Amino acid sequence: MTDRPQRHTLDDSVGMGDATASPIPTARLQLHVVLPREYEMLAQDPADARLWVDRGFTNPHGHLQTDPGPLPHRWPKIRQHPERAPYLLRVAVHREFRVIIGSAGFHDVPDVDGVIEIGLEIVPQFRGQGYATEVLHGMWGWVVDQTNVRALRYTVRPDNRASQSIIGR
């Protein structure tokens, strides 16, 4: 019996034909949309070797594998609204090394007041080098061009000194 790739129920082409799903370029990174089928794979086995293979980058630092971060909150939303994928989670891929160094995403699409809130995570090996700021600027630069966005929110815990320093700039 041969191992066959699983069939995925969500269509990755949803929303993928427009600029909202293109990688967001920054100076050192590309912010790639986590596709609906990748959410499904991450939910089943976050260490699945098939993840990212066809995307041209790898995940040697195991981002989202031991700590799923926002995945438990985003997966139900993607199931109901796969077209929201460009907003909900993007992996930060280092342009030179072609590896995932973190991720960022909005908690949802803008609310009725046009407010949208972001969260992010950078793997420990790449912290303290300005990548979080770069990710925030890239994501915010992209989202302000989207429909119905009027205000950006980045909520930071008082004990998160690294993120406190970002918003203090």
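1. Let me start with helix 4. Spanning residues 131-143, helix 4 has 13 residues, and the distance from its first C-alpha to its last is 18 Å, close to the 18 Å expected at 1.5 Å a residue. Please keep in mind that this is a predicted model.

2. How many of the 13 residues of helix 4 are buried? The count is 10, so helix 4 is largely enclosed by the rest of the structure. If you want to click through them, the buried set is Tyr 131, Ala 132, Thr 133, Glu 134, Val 135, Leu 136, Gly 138, Met 139, Trp 142 and Val 143.

3. Leaving aside residues up to four places away in sequence, Val 143 touches Tyr 87, Phe 106, Ile 116, Val 149 and Leu 152.

4. Now for helix 2 (71-80). Its residues Leu 71, Arg 74, Trp 75 and Ile 78 are buried. They lie on the same side of helix 2, because the arc they cover around the axis is only 105 degrees. What do these buried residues pack against? Their partners are helix 1, helix 3 (85-88) and strand 4 (100-106). On the face turned away from the buried side, helix 2 carries the exposed residues His 73 and Gln 80.

5. Thr 26 sits in the loop between strand 1 (24-25) and strand 2 (29-33). Is Thr 26 buried or exposed? With a relative accessible area of 11%, Thr 26 falls under the 20% cut-off, so Thr 26 counts as buried. Not counting residues up to four places away in sequence, Thr 26 touches Leu 31, Arg 95, Glu 134 and Gly 138; Glu 134 and Gly 138 are among the buried residues of helix 4.

6. The other position is Ala 49, placed in the loop between helix 1 (36-44) and helix 2 (71-80). Its relative accessibility is 65%, over the 50% cut-off, so Ala 49 counts as exposed. From Ala 49 to Asn 59 there are 10 residues in sequence and 9.5 Å in space, C-alpha to C-alpha.

7. Stepping back to the whole chain, its secondary structure comes to five helices and six strands, in the order β-β-α-α-α-β-β-β-α-β-α from the N terminus. Of its 169 residues, 46% are buried. Among contacts with a separation of 6 or more, 60% join residues 24 or more positions apart. The chain exposes about 9,400 Å², of which carbon and sulfur atoms supply 51%.

8. Finally, a word on confidence. The average pLDDT of the chain is 86, and 83% of the residues score at least 70. Residues 1-11 stay under 50, and the model has 14 contacts for them beyond four places in sequence. Residues 13-17 also have pLDDT under 50, with six such contacts. Where pLDDT is low, predicted coordinates should not be read in detail.

Methods: Residues are numbered from 1 along each chain as its sequence is written. This is a predicted model: local features need pLDDT of at least 70, side-chain atom pairs count only at pLDDT 80 or more; totals for chains, interfaces and linings use all residues. Side-chain values use heavy atoms; hydrogens and water are left out. Helices (H or I, at least four residues) and strands (E, at least two) are DSSP runs, numbered from the N terminus. Buried means under 20% relative accessible area, exposed over 50%, partly exposed in between (1.4 Å probe, protein chains only). Contact means heavy atoms within 4.5 Å. The arc is that of the directions from the helix axis to the C-beta atoms. pLDDT is the predictor's confidence in each residue, from 0 to 100. The expected span of a helix is 1.5 Å times one less than its number of residues. Accessible areas come from the Shrake-Rupley method with a 1.4 Å probe; for residues, only the protein chains shown count as cover.
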